[in-house]
Amino acid sequence: MTYEPPRPVRGLLLTPEDKEAPARVHRLRLLGLVDRPDPALDVFADHLARFTGAPYAMVNFIGEDHQFFAGLRVPAAAPVVREDGCRPEFGRVLPRDHGFCPHVVVRRKALVLEDVRDYPRFAGNPVVDEYGIHSYLGAPLIDSSGMALGTVCAVDTAPRAWGRSGLETIKALAADLVVRLERSAEDGLPL
């Protein structure tokens, strides 16, 4: 009898392939939404955070290799303290393989994760350890051309039951924001 070493098992694809990324970046440029913070989107994110009671909320546009929070609401002090005593800083740019928004964009459907650690596909995501993110509620921003531009999302450092009402709310807010973004681009006016 001969011994054959086990074949390597292909790992779980943590961040889905995004074939629409080049077209999305082009569309975001046409709409004037590439990699620039927008005070009106910060206000939207703040409203979303207050409405859901979440410490973090974002309006996130997904590029080819990174994601950009054009609208961002973070608490004054990060609610998580790492083992080394430091609090993580949450900036406006994350790699594409961090977080859950890239999944929402590729799936083109809202995603509700009451405790991300309950899902092997998401539990190992870097934002779980780096920022202490344990729950996520997000919906895609799908424009009139059918392109998923990015997401609106709320996240928490504790598990949270978002419920059906949370899902319906995030979807409605995403649809409303897309209309406002397109109208603003067409009229050449700020949000």
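This is a predicted model: local features need pLDDT of at least 70, side-chain atom pairs count only at pLDDT 80 or more; totals for chains, interfaces and linings use all residues.
Colleague: How many helices and strands does the protein have?

Modeller: Helices (H or I, at least four residues) and strands (E, at least two) are DSSP runs, numbered from the N terminus. Here there are 6 helices and 6 strands, and along the sequence they follow the pattern α-α-β-β-β-α-β-α-α-β-β-α.

Colleague: What is the order of the strands in the sheet?

Modeller: Two strands pair if DSSP finds at least two bridges between them. In this model the 6 strands form an open sheet with antiparallel pairing, in the order β3-β2-β1-β6-β5-β4. Its edge strands, each pairing on one side only, are β3 (93-95) and β4 (111-113). Neighbouring strands are turned against each other by 25° on average, direction ignored. Between β2 (residues 66-73) and β3 the antiparallel pairing runs over 3 bridges; L94 in β3 is the bridge partner of Q67.

Colleague: Which strands does helix α2 lie across, and which does helix α6 lie across?

Modeller: Axes are lines fitted to C-alpha atoms, for helices over the stretch in contact (heavy atoms within 4.5 Å). Angles run from 0 to 180 degrees between N-to-C directions. Helix α2 (residues 39-52) lies across β1 (56-62), β2 and β6 (148-156), at about 70° to β2. Helix α6 (residues 163-187) lies across β1, β4, β5 (135-142) and β6, and runs at about 35° to β5.

Colleague: Is T52 buried or exposed?

Modeller: Buried means under 20% relative accessible area, exposed over 50%, and partly exposed in between (1.4 Å probe, protein chains only). T52, in helix α2, has 17% relative accessibility and therefore counts as buried. A polar atom of the T52 side chain lies 3.3 Å from the backbone nitrogen of A54. Not counting residues up to four places away in sequence, T52 touches A154, R160 and W162. For the protein as a whole, buried residues make up 47% of the 191 residues.

Colleague: How many salt bridges does a search of the whole structure find?

Modeller: Side chains of opposite charge can pair when their charged atoms come close. The criterion for a salt bridge is a side-chain nitrogen of Lys or Arg within 4 Å of a carboxyl oxygen of Asp or Glu. The search finds 12. One of them joins R96 and D18, with the closest N and O atoms 3.9 Å apart. R96 lies in the loop between β3 and α3 (101-107) and D18 in the segment before α1 (21-30), so this pair ties together parts 78 residues apart in sequence. Both residues, R96 and D18, are buried. A network of salt bridges links D18, R24 and R96.

Colleague: Which parts of the chain does the pair of D42 and R92 link?

Modeller: The side chains of D42 and R92 meet in a salt bridge at 2.8 Å, N to O. D42 is in helix α2 and R92 in the loop between β2 and β3, distant parts of the chain that are 50 residues apart. R92 counts as partly exposed because its relative accessibility is 24%.

Notes: Residues are numbered from 1 along each chain as its sequence is written. Side-chain values use heavy atoms; hydrogens and water are left out. A polar contact is a pair of N or O atoms within 3.5 Å; within protein, one must be able to donate a hydrogen and the other to accept it, and residues adjacent in sequence count only if both atoms are side-chain atoms.
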